[in-house]
Amino acid sequence: MKLTFSLGLFLMLLWLLLSGHFNILFISFGIVSVLFVLLMARRMELIDHESHPITMAAQLLWFWLVLAKKIFTANIDVTLRILGVKPINPQLIKIPLEQSSDLTKAIYANAITLTPGSASLHIEDGYLYVHTISEEGAQALLEGEIAKLIPLDKNNQAGENQ
């Protein structure tokens with residue numbers, strides 16, 4: 001029920017931001033639409049702790065800020081490599097995954113791919129395979145710089161399929 005309420009609140013705020021109309025008629029349409037979507041999602045059993053990770057919301061803001069900084073600095077690094085100031089030394093590495101749920105694994109893999117100069121390739125047997133443009137980037141990933149940023153999914157720390 002808590003997830004349904006938080007999802008409804010999020011959808012209503014999204015409705016208000018996207019519509020830009022704050023009169024009674026549009027707010028009423030928004031409430032009816034959100035209630036309909038929530039009803040249908042509940043009936044189809046689509047609302048769970050991974051579809052709307054409200055438990056991770058507080059940590060996500062910090063994660064996005066630090067990730068944005070890493071993306072910015074990685075852009076500069078890749079630009080310097082393209083211009084020939086720094087050498088390009090491609091690496092294919094295998095990183096052990098410490099994340100327990102599918103959601104946190106996906107967040108981690110996507111964070112790596114969003115950072116210029118690296119791309120997540122494959123997850124298999126508790127390892128993530130990553131291609132990087134430099135040895136320094138590979139070393140930073142092996143040291144777990146991005147892994148430490150990943151918010152913990154408190155609803156699913158014991159395993160993937162509960």
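## The sheet

In this predicted model, three strands form an open sheet in the order E1-E3-E2, with antiparallel pairing; strands here are DSSP runs of E with at least two residues, helices are runs of H or I with at least four, and both are numbered from the N terminus. Two strands count as paired if DSSP finds at least two bridges between them. Strand E1 (91–96) and strand E2 (118–124) stand at the edges, and because each has a single partner strand, one side of each is left without a neighbour in the sheet. On average, neighbouring strands of this sheet are turned by 25° against each other, with direction ignored.

E1 is joined to strand E3 (residues 127–132) by six bridges, and the two run antiparallel. Within this pairing, Ile 95 stands opposite Leu 128 in E3.

## Helices against the sheet

Helix H4 (residues 102–114) packs on the sheet and touches E1, E2 and E3, its direction making about 150° with that of E2. Contact means heavy atoms within 4.5 Å, and angles run from 0 to 180 degrees between the N-to-C directions of axes, which are lines fitted to C-alpha atoms, for helices over the stretch in contact. Helix H5 (residues 135–143) lies across E1, E2 and E3 and runs at about 5° to E1.

Taken as a whole, the protein has five helices and three strands, which follow the pattern α-α-α-β-α-β-β-α along the sequence.

## Salt bridges

The structure holds four salt bridges, each defined as a side-chain nitrogen of Lys or Arg within 4 Å of a carboxyl oxygen of Asp or Glu. One of them joins Glu 145 to Lys 70, with the closest N and O atoms 3.1 Å apart; this pair links distant parts of the chain, since Glu 145 lies in the segment after H5 and Lys 70 in helix H3 (residues 57–82), 75 residues apart.

Asp 77, Arg 81, Lys 86 and Glu 136 are linked in a network of salt bridges. Arg 81 is buried, with a relative accessible area of 4%, whereas Lys 86 is partly exposed at 33%; buried means under 20%, exposed over 50% and partly exposed in between, using a 1.4 Å probe and protein chains only.

## How the model was read

Residues are numbered from 1 along each chain as its sequence is written, and side-chain values use heavy atoms, leaving out hydrogens and water. Because the model is predicted, local features need pLDDT of at least 70 and side-chain atom pairs count only at pLDDT 80 or more, whereas totals for chains, interfaces and linings use all residues.
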